[in-house]
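Please look over the sequence and the model below before reading on. The paragraphs after it go through selected sites one by one.

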Amino acid sequence: MKNRTCIHCEDTFDLHSQLKQRVGGRINECPDCVVELQTEIKETIRAVSSGDGKMACIQILKFNNEDDADLYRKGWDQWSGWNNQRSGSVHDVAFTKIGENSGNDTRGNS
Ligand SMILES: [Zn+2]
């Protein structure tokens, strides 16, 4: 336990609580205020791999927050098979693609 006093609401919060760890923010802001005031601008970066074998492709995605990242990850797992019916949930998540490592570079060699 490491209690801090929030500069916004003067509430006492546990700096090491799971919620605080998850939402981020400064060390003198309680998780509630971080969420409410959206003071946390930390970007959540996730690498998502798709396909398998020679078609493997890694996308580096940037999400607004952990929840979005988790949501995307869940949706991704659900339709990871290319031929499966795709759930729309993944496309409801806001993210930015910041990188891609495609396995398609070797095409033409076969
Ligand atoms: Zn607060």
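The model is a predicted one. Its zinc ion is coordinated by the SG atoms of Cys6, Cys9, Cys30 and Cys33, at 2.2 to 2.3 Å. Along the chain, these donors follow the spacing C-x2-C-x20-C-x2-C. The angles among the 4 donor atoms run from 107 to 113°, and the site is tetrahedral. For comparison, the ideal angle for four tetrahedral donors is 109.5 degrees.

Cys9, at 40%, counts as partly exposed.

A disulfide is a covalent bond between the sulfur atoms of two cysteines. The criterion used here is a pair of cysteine sulfur atoms within 2.5 Å, and by this rule the count comes to 0 disulfides.

Next comes a loop residue. Glu10 lies in the loop between strand 1, residues 3-5, and strand 2, residues 12-14. Its relative accessibility is 63%, so Glu10 counts as exposed. Glu10 and Asn28 are 18 residues apart in sequence, and their C-alpha atoms are 9.4 Å apart in space.

The remaining topic is charge pairing. Side chains of opposite charge can pair when their charged atoms come close. How many salt bridges does the model contain? With a limit of 4 Å between a side-chain nitrogen of Lys or Arg and a carboxyl oxygen of Asp or Glu, the count comes to 2 salt bridges.

One of them joins Arg22 and Asp67, with the closest N and O atoms 2.6 Å apart. Arg22 belongs to helix 1 (residues 18-23) and Asp67 to helix 3 (residues 66-78), so this pair ties together parts that are 45 residues apart in sequence. Arg22 is partly exposed, with a relative accessible area of 41%. Asp67 counts as partly exposed as well, at 45% relative accessibility.

A salt bridge also links the side chains of Glu29 and Arg26, at 3.0 Å from N to O. Is Glu29 buried or exposed? Glu29 has a relative accessible area of 1% and is therefore buried. Arg26, in contrast, has a relative accessible area of 51% and is exposed, because the cut-off for that class is over 50%.

Notes: Residues are numbered from 1 along each chain as its sequence is written. This is a predicted model: local features need pLDDT of at least 70, side-chain atom pairs count only at pLDDT 80 or more; totals for chains, interfaces and linings use all residues. Side-chain values use heavy atoms; hydrogens and water are left out. Helices (H or I, at least four residues) and strands (E, at least two) are DSSP runs, numbered from the N terminus. Buried means under 20% relative accessible area, exposed over 50%, partly exposed in between (1.4 Å probe, protein chains only). Donors are N, O and S atoms within 2.8 Å of the metal (3.2 Å for Na, K and Ca); water is not among the atoms, so sites may look incomplete. Four donors count as tetrahedral if all angles lie between 85 and 135 degrees; four count as square planar and six as octahedral if opposite donors are over 155 degrees apart and all others between 65 and 115; anything else is irregular.
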